[in-house]
Amino acid sequence: LITSLSIEGEIFGAFTLSSHSKSIYLEDYDIEAIKRFANHIATVLRNSKLYQKIKRKNEEIESLSEISRQISMSLDFDTVFEKIVEYLGNMYGFEGCWLFLMSDDKKSYTVAKHYVPDQLKELVTSFDNVNFPLDSKLGWAPECMVNNKTIYIPDVELFKIEGELNRLAIETQKIKTILI
């Protein structure tokens, strides 16, 4: 017996019962009773999912509140950056973070802050205090700044990456996911 799981007409799954040792013959009222049970399961599942979403959002709000409290206690940029990076790492699993800032004339940008795994620290410190041209053809960071956009690649595959600088960044840093 297979019946859909739905709430208010929106189907989101199926409930299946099977017999492996004998044939089972059900009356219509038995099937209707099982369908009502499946509808009850659907309601419980929906409520459970909603509860989990609310719980995650509450945890996120609590974390953000704590970060805001800590940040408001310190106007030190390094501390603020560290708290934000720590939050994003704990919440989403990111292991690296770069903060790029445009120059006042909007013609170049620099690496203002970075947080990367230990094996990359020596490499990335070579970018400190370097002015890079703000040209959207020269990588994702300037592309995002120039075009006011977000780039998200959850499963980076080097051969699919366009642009020599982007491929070099992915290859040298061994990036698996990137959000800019």
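Contact here means heavy atoms within 4.5 Å. This is a predicted model, in which local features need pLDDT of at least 70, side-chain atom pairs count only at pLDDT 80 or more, and totals for chains, interfaces and linings use all residues. Residues are numbered from 1 along each chain as its sequence is written, and side-chain values use heavy atoms, with hydrogens and water left out.

Not counting residues up to four places away in sequence, Glu143 touches Ser136, Asn148, Lys149 and Ile151. Glu143 belongs to helix 4 (residues 140–147); helices are DSSP runs of H or I with at least four residues, numbered from the N terminus. Glu143 counts as buried because its relative accessibility is 18%, the cut-off being under 20% relative accessible area with a 1.4 Å probe and protein chains only.

A nonpolar core is a set of buried Ala, Val, Leu, Ile, Met, Phe, Trp, Tyr and Cys residues joined through side-chain atoms within 4.5 Å.

| Core | Residues |
|---|---|
| Largest nonpolar core, eight residues | Trp140, Cys144, Ile151, Val156, Ile161, Ile170, Ile175 and Ile178 |
| Another core, apart from it, five residues | among them Ile7, Phe15, Ala38 and Ala42 |

Leaving aside neighbours within four places in sequence, Ile161 is in contact with Trp140, Ile153, Val156, Asn166, Arg167 and Ile170.

The axes of helix 1 (residues 28–73) and helix 2 (residues 77–92), as lines fitted to C-alpha atoms over the stretch in contact, with angles from 0 to 180 degrees between N-to-C directions, come within 10 Å and cross at roughly 165°. Helix 1 is therefore roughly antiparallel to helix 2, a term for angles over 145 degrees. Arg56, Glu60, Ser63, Leu64, Ile67, Gln70 and Ile71 of helix 1 make the contact with Val80, Lys83, Ile84, Tyr87, Met91 and Tyr92 of helix 2.

Terms used: Helix = DSSP H or I, 4+ residues; strand = E, 2+ residues; numbered from the N terminus. Parallel < 35°, antiparallel > 145°, perpendicular 65-115°, else oblique. Buried < 20%, exposed > 50% of the residue type's maximum accessible area, 1.4 Å probe, protein only.
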